[in-house]
Amino acid sequence: MLDEKTKKELIQKGRTFMKGYRDEDITADDDYNPSDQQLRLPQPPLCKAPMRKDGAKLSLPLDFSSLELNNDVISLIRDRRSARVYTEEEMTFLQLSFLLWATQGIKSIRGKSYATIRTVPCGGARHEFETYLIIRNITGLAPGVYHYLPMEHALELIGTLENTEQAICDTLCGQKWAAKANVVFYWTMVAYRAEWRYGTHSHRVALLDAGHLCQNLYLGVTALGMGTCGIGAFSHDRCCEVFGIDGDEEYMVYTAPVGTVRPEDRMAEAAFYKFVEDEGL
């Protein structure tokens, strides 16, 4: 068991990491600790290049007019919730396209190629995330591992899985309920994309940015009448293996299964919190 002294030291490091610029923090001084952008070093690419050597990709539709969407903002905010019980009905290609656009869609380019303006806010418009998917049950798409190409609003198939459900379970630290999702979103951080602008202070900002994109997933899913649940418990090593990332320059930061739901299953969700009643909390 971790000793109390070490535990307190780790907690304090975590608290310090989360704090903003402090008077005693000399790294906040741009003259002392300039970013690579301030040093006028070359800017990293706005997006990761396609991973497939053959360039094969699937274009995604951007006309969402035929989708049955709840557009009432008040009800979307009110009804947003985490869902862990999925009915395993089929999800459409257009619904998936909508969720990819809602979370990382590019609306315009700032300057010649300085930044992408997307459907979510991001510190310095760096948009340091890449979206990967494990697809299990989407109309017209083979199960497998996919990478989203936001510049083209397209998908590329980057791998197949011997057992899709087991792969989901393994990457999400044994959370078997998630293996019933239609698709699982996995977001990596391409670190230097943010570090170029914010240097040693970029990582705290990036965690805030990750929350923005997952909240858009929640709202998009709610508008579709589906369910999701943001997950921070994932296996770094398994994710690196499945998605072919190096784990240092690019690493997993957030995940979220998405699946079909029905109102009558809300009672089943209570089973995840049975401990509250059992322990009289």
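**Figure 1. Pairing of strands E1 and E6 in the predicted model.** Two bridges join E1 to strand E6 (residues 154-159), and the two strands pair in the antiparallel sense. The structure shown here and in the other views is a predicted model. Leucine 58 lies opposite leucine 155 of E6.

Figure 2. Seven strands form an open sheet in the order E1-E6-E5-E4-E7-E9-E8, with antiparallel pairing. Its edges are strand E1 (58-59) and strand E8 (226-228), each of which pairs on one side only. Helix H5 (residues 191-198) packs on the sheet, where it touches strand E4 (129-135), strand E7 (183-190) and strand E9 (250-260). The direction of H5 makes about 40 degrees with that of E7. In a regular strand, side chains alternate between the two faces of the sheet.

**Figure 3. The hairpin of strands E5 and E6.** Strand E5 (residues 144-149) runs antiparallel to E6, and five bridges join the two. Valine 145 has glycine 159 of E6 as its bridge partner. Four residues lie between the strands of this hairpin, in which histidine 153 takes a positive phi near 50 degrees.

**Figure 4. The hairpin of strands E2 and E3.** Strand E2 (residues 106-110) and strand E3 (residues 115-118) run antiparallel and are joined by four bridges. Isoleucine 109 is placed opposite threonine 116 of E3. This hairpin has four residues between its strands, and glycine 111 adopts a positive phi near 70 degrees.

**Figure 5. Packing of helices H3 and H6.** The axes of helix H3 (residues 93-104) and helix H6 (residues 202-224) come within 8 Å of each other and cross at roughly 150 degrees. An angle over 145 degrees counts as roughly antiparallel, and H3 and H6 are therefore roughly antiparallel to each other. The crossing in which H3 passes H6 is right-handed. From H3, the residues in contact are Gln95, Phe98, Leu99, Ala102, Thr103 and Gln104. They meet Leu213, Asn216, Leu217, Gly220, Val221 and Leu224 in H6. By class, seven nonpolar and five polar residues take part in the contact of H3 with H6, with no charged residues.

Technical notes
Residues numbered from 1 in each chain as written. Predicted model: local features only at pLDDT ≥ 70, side-chain atom pairs only at ≥ 80, totals over all residues. Heavy atoms only, no water. Axes fitted to C-alpha atoms, helices over the stretch in contact; angles between N-to-C directions. Parallel < 35°, antiparallel > 145°, perpendicular 65-115°, else oblique. Left-handed = near helix turned anticlockwise from the far one by under 90°. Contact = heavy atoms within 4.5 Å. Nonpolar A, V, L, I, M, F, W, Y, C, P; charged D, E, K, R; others polar. Pairing = 2+ DSSP bridges.
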